[in-house]
Amino acid sequence: MSIERSPLALPFPAIPAISGVTTRVARARYKNWDRCDLTFIELAPGTTVAGVLTNSKCPSPEVEWCRKALPLGQARALVVNAGNSNAFTGNRGRAAVEAIAARAAAHLNCQPSDVFVSSTGVIGVPLPIDKAEAGLDAAFTAEPCSWEDAAATIMTTDTFTKGATAQAVIGGKTVNLIGIIKGSGMIAPDMATMLGFLFTDAAVDPGFLQAALSDANGRTFSCITVDGDTSTSDTVLAFATGAAGNATIASDEDDGADAFRAALQDVCHQLAQLVVRDGEGAQKLIEITVEGAESDASAHRIAMSIANSPLVKTAIAGEDANWGRVVMAVGKAGEPAERDRLAIRFGATQVARDGLAVEGYDEAPVAAHLKGREIEVGVELGLGEGRATVWTCDLTHGYISINADYRS
(Lines give C-alpha, C1' and ligand atoms only; values in the text may rest on other atoms or scores of the structure.)
Protein backbone atom coordinates (compact mmCIF):
# COMPACT_ATOMS: atom_id res chain seq x y z
CA MET A 1 0.00 0.00 0.00
CA SER A 2 1.53 3.29 -1.12
CA ILE A 3 0.46 6.40 0.79
CA GLU A 4 1.18 9.91 -0.45
CA ARG A 5 2.76 12.42 1.93
CA SER A 6 0.14 14.58 3.61
CA PRO A 7 -0.26 18.04 2.06
CA LEU A 8 -0.36 19.35 5.65
CA ALA A 9 3.05 17.86 6.52
CA LEU A 10 5.71 19.98 8.21
CA PRO A 11 9.47 19.35 7.94
CA PHE A 12 11.15 17.45 10.76
CA PRO A 13 12.75 20.01 13.09
CA ALA A 14 16.36 20.22 14.21
CA ILE A 15 16.24 18.31 17.50
CA PRO A 16 19.15 18.44 19.95
CA ALA A 17 20.71 15.38 21.52
CA ILE A 18 19.51 14.69 25.05
CA SER A 19 22.31 13.75 27.41
CA GLY A 20 21.61 10.35 28.93
CA VAL A 21 19.55 9.13 25.95
CA THR A 22 20.92 6.86 23.19
CA THR A 23 18.67 5.79 20.33
CA ARG A 24 19.16 2.81 18.02
CA VAL A 25 16.94 1.11 15.44
CA ALA A 26 16.89 -2.29 13.77
CA ARG A 27 14.88 -4.57 11.50
CA ALA A 28 12.81 -7.14 13.36
CA ARG A 29 10.80 -7.76 10.17
CA TYR A 30 7.42 -7.79 11.88
CA LYS A 31 5.90 -7.21 8.43
CA ASN A 32 7.03 -7.88 4.89
CA TRP A 33 8.61 -4.47 4.43
CA ASP A 34 12.07 -3.11 3.74
CA ARG A 35 12.52 -0.79 6.71
CA CYS A 36 13.51 -0.63 10.36
CA ASP A 37 10.64 -1.47 12.69
CA LEU A 38 12.21 -1.79 16.16
CA THR A 39 13.44 1.14 18.22
CA PHE A 40 15.66 0.66 21.28
CA ILE A 41 16.30 3.71 23.44
CA GLU A 42 18.78 3.39 26.29
CA LEU A 43 18.35 5.73 29.26
CA ALA A 44 20.99 6.66 31.81
CA PRO A 45 20.71 5.33 35.38
CA GLY A 46 18.56 7.65 37.50
CA THR A 47 16.15 8.51 34.68
CA THR A 48 12.64 9.19 35.95
CA VAL A 49 9.47 8.40 34.00
CA ALA A 50 5.81 9.33 33.80
CA GLY A 51 3.05 8.29 31.44
CA VAL A 52 -0.55 8.47 30.34
CA LEU A 53 -2.19 5.38 28.85
CA THR A 54 -5.33 4.47 26.98
CA ASN A 55 -8.60 4.04 28.86
CA SER A 56 -9.62 1.36 26.36
CA LYS A 57 -11.12 -1.67 28.09
CA CYS A 58 -9.21 -3.85 25.61
CA PRO A 59 -5.63 -2.61 26.21
CA SER A 60 -2.56 -4.26 24.78
CA PRO A 61 -0.18 -6.23 27.04
CA GLU A 62 2.33 -3.40 26.49
CA VAL A 63 -0.10 -0.90 28.03
CA GLU A 64 -0.69 -3.21 31.00
CA TRP A 65 3.08 -3.63 31.43
CA CYS A 66 3.67 0.12 31.42
CA ARG A 67 0.77 0.69 33.80
CA LYS A 68 2.37 -1.63 36.36
CA ALA A 69 5.87 -0.19 35.91
CA LEU A 70 5.01 3.53 36.00
CA PRO A 71 4.40 3.79 39.79
CA LEU A 72 8.04 2.80 40.35
CA GLY A 73 9.06 6.04 38.62
CA GLN A 74 12.31 4.90 37.04
CA ALA A 75 13.40 3.77 33.58
CA ARG A 76 16.47 2.42 31.81
CA ALA A 77 15.09 1.62 28.36
CA LEU A 78 12.24 1.98 25.89
CA VAL A 79 11.48 -0.59 23.18
CA VAL A 80 8.99 0.28 20.42
CA ASN A 81 7.74 -2.23 17.84
CA ALA A 82 5.97 -1.13 14.64
CA GLY A 83 3.78 -3.22 12.36
CA ASN A 84 2.18 -5.37 15.07
CA SER A 85 0.25 -3.92 18.01
CA ASN A 86 0.29 -7.27 19.93
CA ALA A 87 -3.18 -6.30 21.23
CA PHE A 88 -5.90 -8.89 21.88
CA THR A 89 -3.34 -11.69 21.85
CA GLY A 90 -3.84 -13.28 25.29
CA ASN A 91 -1.03 -15.08 27.09
CA ARG A 92 1.14 -15.18 23.93
CA GLY A 93 1.10 -11.39 23.80
CA ARG A 94 1.98 -11.07 27.46
CA ALA A 95 4.83 -13.57 27.05
CA ALA A 96 6.24 -11.47 24.20
CA VAL A 97 6.31 -8.32 26.34
CA GLU A 98 7.94 -10.19 29.21
CA ALA A 99 10.57 -11.62 26.87
CA ILE A 100 11.38 -8.20 25.40
CA ALA A 101 11.70 -6.59 28.84
CA ALA A 102 13.83 -9.46 30.14
CA ARG A 103 16.22 -9.36 27.19
CA ALA A 104 16.70 -5.60 27.37
CA ALA A 105 17.10 -5.76 31.16
CA ALA A 106 19.79 -8.42 30.85
CA HIS A 107 21.63 -6.27 28.33
CA LEU A 108 21.54 -3.26 30.65
CA ASN A 109 21.88 -5.15 33.93
CA CYS A 110 18.67 -3.62 35.30
CA GLN A 111 15.24 -4.82 36.41
CA PRO A 112 12.68 -5.78 33.72
CA SER A 113 10.33 -3.19 35.26
CA ASP A 114 12.85 -0.53 34.21
CA VAL A 115 12.14 -1.39 30.55
CA PHE A 116 9.09 0.19 28.92
CA VAL A 117 7.53 -1.44 25.87
CA SER A 118 5.13 -0.12 23.21
CA SER A 119 3.83 -1.71 20.02
CA THR A 120 1.69 -0.41 17.17
CA GLY A 121 0.11 -1.97 14.11
CA VAL A 122 -2.40 -4.71 13.36
CA ILE A 123 -4.57 -5.92 16.27
CA GLY A 124 -5.01 -9.62 17.00
CA VAL A 125 -1.67 -11.03 15.81
CA PRO A 126 0.74 -12.16 18.57
CA LEU A 127 4.12 -10.45 18.42
CA PRO A 128 6.64 -13.12 17.37
CA ILE A 129 9.14 -13.51 20.21
CA ASP A 130 11.90 -14.84 17.97
CA LYS A 131 11.73 -11.76 15.72
CA ALA A 132 11.56 -9.42 18.72
CA GLU A 133 14.63 -10.96 20.35
CA ALA A 134 16.60 -11.02 17.11
CA GLY A 135 15.64 -7.41 16.45
CA LEU A 136 16.75 -6.40 19.93
CA ASP A 137 20.08 -8.17 19.54
CA ALA A 138 20.62 -6.26 16.29
CA ALA A 139 19.67 -2.98 17.95
CA PHE A 140 22.05 -3.52 20.88
CA THR A 141 25.04 -3.42 18.52
CA ALA A 142 23.70 -0.89 16.01
CA GLU A 143 25.20 2.57 15.68
CA PRO A 144 23.27 5.34 17.47
CA CYS A 145 20.77 6.99 15.14
CA SER A 146 19.13 10.40 14.76
CA TRP A 147 15.79 11.39 16.25
CA GLU A 148 14.32 11.47 12.76
CA ASP A 149 15.42 7.88 12.18
CA ALA A 150 13.71 6.91 15.44
CA ALA A 151 10.57 8.82 14.46
CA ALA A 152 10.49 7.03 11.10
CA THR A 153 10.91 3.62 12.70
CA ILE A 154 7.84 3.93 14.96
CA MET A 155 5.52 4.90 12.05
CA THR A 156 2.75 2.74 10.56
CA THR A 157 0.34 4.58 8.22
CA ASP A 158 2.01 7.92 8.98
CA THR A 159 3.14 9.82 5.90
CA PHE A 160 5.82 11.96 7.55
CA THR A 161 8.09 11.90 10.59
CA LYS A 162 6.94 13.93 13.57
CA GLY A 163 9.12 15.63 16.16
CA ALA A 164 9.16 18.70 18.40
CA THR A 165 11.49 20.53 20.75
CA ALA A 166 11.43 23.27 23.38
CA GLN A 167 13.69 24.70 26.09
CA ALA A 168 13.25 25.97 29.63
CA VAL A 169 15.53 27.79 32.06
CA ILE A 170 15.68 26.21 35.51
CA GLY A 171 17.87 27.78 38.17
CA GLY A 172 20.02 29.44 35.53
CA LYS A 173 20.46 26.20 33.57
CA THR A 174 18.93 25.70 30.12
CA VAL A 175 17.24 22.33 29.77
CA ASN A 176 16.01 20.70 26.57
CA LEU A 177 12.74 18.87 25.98
CA ILE A 178 12.09 16.89 22.81
CA GLY A 179 9.46 14.50 21.56
CA ILE A 180 8.63 12.11 18.73
CA ILE A 181 5.21 10.69 17.96
CA LYS A 182 3.38 8.41 15.57
CA GLY A 183 -0.30 8.54 14.74
CA SER A 184 -2.49 8.96 11.72
CA GLY A 185 -5.64 6.87 12.20
CA MET A 186 -7.56 5.35 15.12
CA ILE A 187 -7.16 8.74 16.77
CA ALA A 188 -9.59 9.83 19.47
CA PRO A 189 -7.34 9.95 22.51
CA ASP A 190 -9.05 8.85 25.72
CA MET A 191 -6.47 9.71 28.40
CA ALA A 192 -3.48 9.43 26.07
CA THR A 193 -2.66 9.26 22.39
CA MET A 194 -1.16 7.03 19.71
CA LEU A 195 2.48 6.45 20.64
CA GLY A 196 4.33 9.53 21.87
CA PHE A 197 7.68 9.68 23.63
CA LEU A 198 9.14 12.73 25.36
CA PHE A 199 12.68 13.17 26.66
CA THR A 200 14.39 15.86 28.72
CA ASP A 201 17.77 16.34 30.36
CA ALA A 202 16.10 18.15 33.26
CA ALA A 203 16.13 16.63 36.74
CA VAL A 204 12.47 16.07 37.60
CA ASP A 205 10.88 14.08 40.41
CA PRO A 206 8.61 11.37 38.95
CA GLY A 207 5.59 12.64 40.90
CA PHE A 208 5.94 16.14 39.48
CA LEU A 209 6.70 14.77 36.02
CA GLN A 210 3.48 12.75 36.16
CA ALA A 211 1.42 15.76 37.25
CA ALA A 212 2.92 17.96 34.54
CA LEU A 213 2.41 15.35 31.83
CA SER A 214 -1.17 14.61 32.83
CA ASP A 215 -1.98 18.32 32.74
CA ALA A 216 -0.29 18.82 29.37
CA ASN A 217 -2.07 15.77 27.97
CA GLY A 218 -5.46 17.17 28.94
CA ARG A 219 -4.73 20.39 27.05
CA THR A 220 -3.20 18.83 23.93
CA PHE A 221 -3.47 15.14 23.06
CA SER A 222 -6.93 14.85 24.56
CA CYS A 223 -8.03 17.77 22.37
CA ILE A 224 -7.44 16.07 19.02
CA THR A 225 -9.39 13.54 16.98
CA VAL A 226 -9.12 12.09 13.49
CA ASP A 227 -11.84 9.46 13.36
CA GLY A 228 -13.38 9.09 16.82
CA ASP A 229 -11.68 5.72 17.47
CA THR A 230 -9.55 5.19 20.59
CA SER A 231 -6.65 2.76 20.17
CA THR A 232 -5.95 -0.26 22.34
CA SER A 233 -2.30 0.82 22.46
CA ASP A 234 -2.37 4.58 23.13
CA THR A 235 0.69 5.53 25.17
CA VAL A 236 2.59 8.71 26.01
CA LEU A 237 5.73 8.37 28.10
CA ALA A 238 8.02 11.13 29.38
CA PHE A 239 11.59 10.45 30.51
CA ALA A 240 13.84 12.84 32.47
CA THR A 241 17.55 11.95 32.69
CA GLY A 242 18.63 14.72 35.08
CA ALA A 243 21.85 15.23 33.09
CA ALA A 244 21.37 19.03 32.90
CA GLY A 245 22.34 19.25 36.56
CA ASN A 246 19.53 21.50 37.74
CA ALA A 247 18.10 21.21 41.23
CA THR A 248 15.40 18.52 40.99
CA ILE A 249 11.91 19.90 40.38
CA ALA A 250 9.59 18.20 42.85
CA SER A 251 6.74 20.67 43.27
CA ASP A 252 5.15 23.75 41.72
CA GLU A 253 6.94 25.88 44.31
CA ASP A 254 10.37 24.88 43.03
CA ASP A 255 12.44 27.19 40.85
CA GLY A 256 11.70 26.59 37.19
CA ALA A 257 8.56 24.49 37.72
CA ASP A 258 6.33 26.85 35.72
CA ALA A 259 8.87 27.10 32.91
CA PHE A 260 9.18 23.32 32.73
CA ARG A 261 5.42 22.86 32.64
CA ALA A 262 5.11 25.43 29.85
CA ALA A 263 7.86 23.81 27.76
CA LEU A 264 6.38 20.34 28.24
CA GLN A 265 2.95 21.56 27.15
CA ASP A 266 4.55 23.29 24.15
CA VAL A 267 6.14 20.04 22.97
CA CYS A 268 2.90 18.11 23.51
CA HIS A 269 0.93 20.76 21.61
CA GLN A 270 3.31 20.63 18.66
CA LEU A 271 3.14 16.84 18.54
CA ALA A 272 -0.65 16.73 18.83
CA GLN A 273 -1.01 19.16 15.93
CA LEU A 274 1.34 17.03 13.80
CA VAL A 275 -0.83 13.96 14.34
CA VAL A 276 -3.91 15.79 13.09
CA ARG A 277 -1.95 17.14 10.12
CA ASP A 278 -1.21 13.52 9.22
CA GLY A 279 -4.76 12.25 9.72
CA GLU A 280 -5.42 9.46 7.26
CA GLY A 281 -6.49 11.03 3.98
CA ALA A 282 -6.50 14.53 5.49
CA GLN A 283 -6.45 17.57 3.24
CA LYS A 284 -7.41 20.21 5.82
CA LEU A 285 -6.53 20.95 9.45
CA ILE A 286 -9.63 22.10 11.36
CA GLU A 287 -9.58 24.13 14.58
CA ILE A 288 -12.87 24.19 16.49
CA THR A 289 -13.37 26.71 19.31
CA VAL A 290 -16.43 26.61 21.54
CA GLU A 291 -17.07 29.56 23.86
CA GLY A 292 -19.83 30.63 26.21
CA ALA A 293 -20.49 27.14 27.58
CA GLU A 294 -21.54 26.44 31.17
CA SER A 295 -18.06 25.03 31.90
CA ASP A 296 -14.78 24.24 30.17
CA ALA A 297 -15.61 20.54 30.35
CA SER A 298 -18.95 21.13 28.66
CA ALA A 299 -17.30 23.23 25.97
CA HIS A 300 -14.78 20.43 25.37
CA ARG A 301 -17.48 17.80 24.93
CA ILE A 302 -19.38 20.00 22.48
CA ALA A 303 -16.23 20.77 20.51
CA MET A 304 -15.39 17.06 20.28
CA SER A 305 -18.94 16.31 19.14
CA ILE A 306 -18.41 18.72 16.24
CA ALA A 307 -14.89 17.43 15.53
CA ASN A 308 -16.02 13.80 15.42
CA SER A 309 -19.05 14.40 13.19
CA PRO A 310 -18.59 12.71 9.78
CA LEU A 311 -21.12 15.17 8.36
CA VAL A 312 -19.15 18.20 9.54
CA LYS A 313 -15.86 16.70 8.37
CA THR A 314 -17.15 15.74 4.92
CA ALA A 315 -18.76 19.16 4.44
CA ILE A 316 -15.42 20.82 5.10
CA ALA A 317 -13.71 18.32 2.78
CA GLY A 318 -16.16 19.51 0.11
CA GLU A 319 -15.52 23.17 1.06
CA ASP A 320 -19.21 23.56 1.90
CA ALA A 321 -20.10 26.02 4.69
CA ASN A 322 -22.97 23.83 5.85
CA TRP A 323 -23.36 25.37 9.28
CA GLY A 324 -26.52 23.31 9.85
CA ARG A 325 -24.26 20.32 10.46
CA VAL A 326 -22.47 22.24 13.19
CA VAL A 327 -25.86 22.97 14.78
CA MET A 328 -26.63 19.26 14.62
CA ALA A 329 -23.35 18.34 16.34
CA VAL A 330 -23.93 20.90 19.10
CA GLY A 331 -27.44 19.60 19.68
CA LYS A 332 -26.44 15.92 19.91
CA ALA A 333 -23.57 16.50 22.37
CA GLY A 334 -25.85 16.10 25.39
CA GLU A 335 -24.57 19.35 26.92
CA PRO A 336 -26.49 22.51 27.88
CA ALA A 337 -27.25 24.61 24.79
CA GLU A 338 -30.02 27.00 23.80
CA ARG A 339 -30.91 27.17 20.13
CA ASP A 340 -31.82 30.85 20.12
CA ARG A 341 -28.51 31.93 21.69
CA LEU A 342 -26.30 29.93 19.35
CA ALA A 343 -23.85 31.68 17.01
CA ILE A 344 -21.51 30.08 14.43
CA ARG A 345 -18.62 31.40 12.37
CA PHE A 346 -16.31 30.06 9.67
CA GLY A 347 -13.00 31.86 9.82
CA ALA A 348 -13.77 35.46 10.76
CA THR A 349 -17.24 35.48 9.16
CA GLN A 350 -20.35 35.06 11.28
CA VAL A 351 -22.83 32.84 9.43
CA ALA A 352 -25.45 32.23 12.12
CA ARG A 353 -26.55 34.15 15.21
CA ASP A 354 -29.44 33.98 17.69
CA GLY A 355 -30.57 30.64 16.31
CA LEU A 356 -30.76 31.49 12.62
CA ALA A 357 -28.70 32.50 9.62
CA VAL A 358 -27.15 35.98 9.55
CA GLU A 359 -29.24 37.78 6.98
CA GLY A 360 -27.28 38.71 3.88
CA TYR A 361 -23.88 37.53 5.14
CA ASP A 362 -21.15 37.63 2.49
CA GLU A 363 -20.37 34.09 1.34
CA ALA A 364 -17.24 35.10 -0.60
CA PRO A 365 -14.83 35.22 2.39
CA VAL A 366 -16.35 32.00 3.75
CA ALA A 367 -15.79 30.22 0.43
CA ALA A 368 -12.24 31.54 0.28
CA HIS A 369 -11.54 30.40 3.83
CA LEU A 370 -12.83 26.88 3.17
CA LYS A 371 -10.55 26.52 0.15
CA GLY A 372 -7.52 26.86 2.44
CA ARG A 373 -5.60 24.13 4.23
CA GLU A 374 -6.29 25.43 7.76
CA ILE A 375 -9.95 25.93 8.70
CA GLU A 376 -11.44 27.65 11.75
CA VAL A 377 -14.93 26.94 13.10
CA GLY A 378 -16.22 28.99 16.02
CA VAL A 379 -19.30 28.39 18.19
CA GLU A 380 -20.69 30.79 20.82
CA LEU A 381 -23.30 29.31 23.19
CA GLY A 382 -24.06 32.41 25.26
CA LEU A 383 -24.52 30.47 28.50
CA GLY A 384 -21.38 31.07 30.58
CA GLU A 385 -17.60 31.35 30.60
CA GLY A 386 -16.66 27.82 29.51
CA ARG A 387 -14.23 27.56 26.61
CA ALA A 388 -12.36 24.83 24.72
CA THR A 389 -10.39 24.42 21.49
CA VAL A 390 -9.90 21.09 19.73
CA TRP A 391 -8.32 20.06 16.44
CA THR A 392 -9.38 17.57 13.80
CA CYS A 393 -9.10 17.05 10.04
CA ASP A 394 -11.51 16.58 7.18
CA LEU A 395 -12.86 13.20 6.12
CA THR A 396 -12.01 12.23 2.53
CA HIS A 397 -12.03 9.23 0.23
CA GLY A 398 -8.39 8.78 1.19
CA TYR A 399 -9.37 7.68 4.71
CA ILE A 400 -11.56 4.93 3.29
CA SER A 401 -8.88 3.76 0.86
CA ILE A 402 -6.19 3.54 3.55
CA ASN A 403 -8.34 1.62 6.01
CA ALA A 404 -9.97 -0.67 3.47
CA ASP A 405 -6.48 -1.90 2.55
CA TYR A 406 -4.87 -1.69 6.01
CA ARG A 407 -4.08 -5.39 6.55
CA SER A 408 -2.97 -6.08 2.98
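## The buried side of helix 3

In this predicted model, the buried residues of helix 3 are A132, G135, L136, A139 and F140, where buried means under 20% relative accessible area, exposed means over 50% and partly exposed lies in between, computed with a 1.4 Å probe on protein chains only. These residues cover an arc of only 135° around the axis, which puts them on the same side of helix 3; the arc is that of the directions from the helix axis to the C-beta atoms. An α-helix has 3.6 residues a turn, so residues three or four places apart point the same way.

Helix 3 spans residues 129-140, and its 12 residues reach 16 Å from the first C-alpha to the last, close to the 16 Å expected at 1.5 Å a residue, the expected span being 1.5 Å times one less than the number of residues. Helices (H or I, at least four residues) and strands (E, at least two) are DSSP runs, numbered from the N terminus. The cover over the buried residues of helix 3 includes strand 1 (21-26), strand 2 (38-43), strand 4 (77-84) and helix 2 (90-108), with contact meaning heavy atoms within 4.5 Å.

## How the model is read

Residues are numbered from 1 along each chain as its sequence is written, and side-chain values use heavy atoms, with hydrogens and water left out. Because the model is predicted, local features need pLDDT of at least 70 and side-chain atom pairs count only at pLDDT 80 or more, while totals for chains, interfaces and linings use all residues.

## Aromatic pairs and charges over rings

Rings of Phe, Tyr and Trp (its six-membered ring) pair if their centres lie within 6.5 Å, and planes under 30 degrees apart count as stacked, over 60 as edge-to-face and the rest as tilted; by this rule there are 5 aromatic pairs. The rings of W147 and F199 have centres 5.1 Å apart and planes at 40°, so this pair is tilted. The pair joins distant parts of the chain, with W147 in helix 4 (residues 147-153) and F199 in strand 8 (residues 195-200), 52 residues apart, and both W147 and F199 are buried. Ring pairs link F116, W147, F199 and F239 into a cluster.

A charge counts as sitting over a ring if NZ of Lys or CZ of Arg is within 6 Å of the ring centre and within 35 degrees of the ring normal. R35 lies over the face of W33 at 4.0 Å from the ring centre, and the charged end of K162 sits over the ring of F160, 4.6 Å from its centre.

S6 is found in the segment before strand 1 and is buried, with a relative accessible area of 9%. Its side chain reaches the backbone nitrogen of L8 at 3.0 Å, a polar contact being a pair of N or O atoms within 3.5 Å; within protein, one must be able to donate a hydrogen and the other to accept it, and residues adjacent in sequence count only if both atoms are side-chain atoms. Leaving aside neighbours within four places in sequence, S6 is in contact with T159, F160, R277, D278 and A282.

W391, in strand 15 (residues 386-393), is buried with a relative accessible area of 10%. A polar contact of 3.0 Å joins the side chains of W391 and E287.

E319 has a positive phi of about 60° although it is not a glycine, and at 32% relative accessibility E319 counts as partly exposed.
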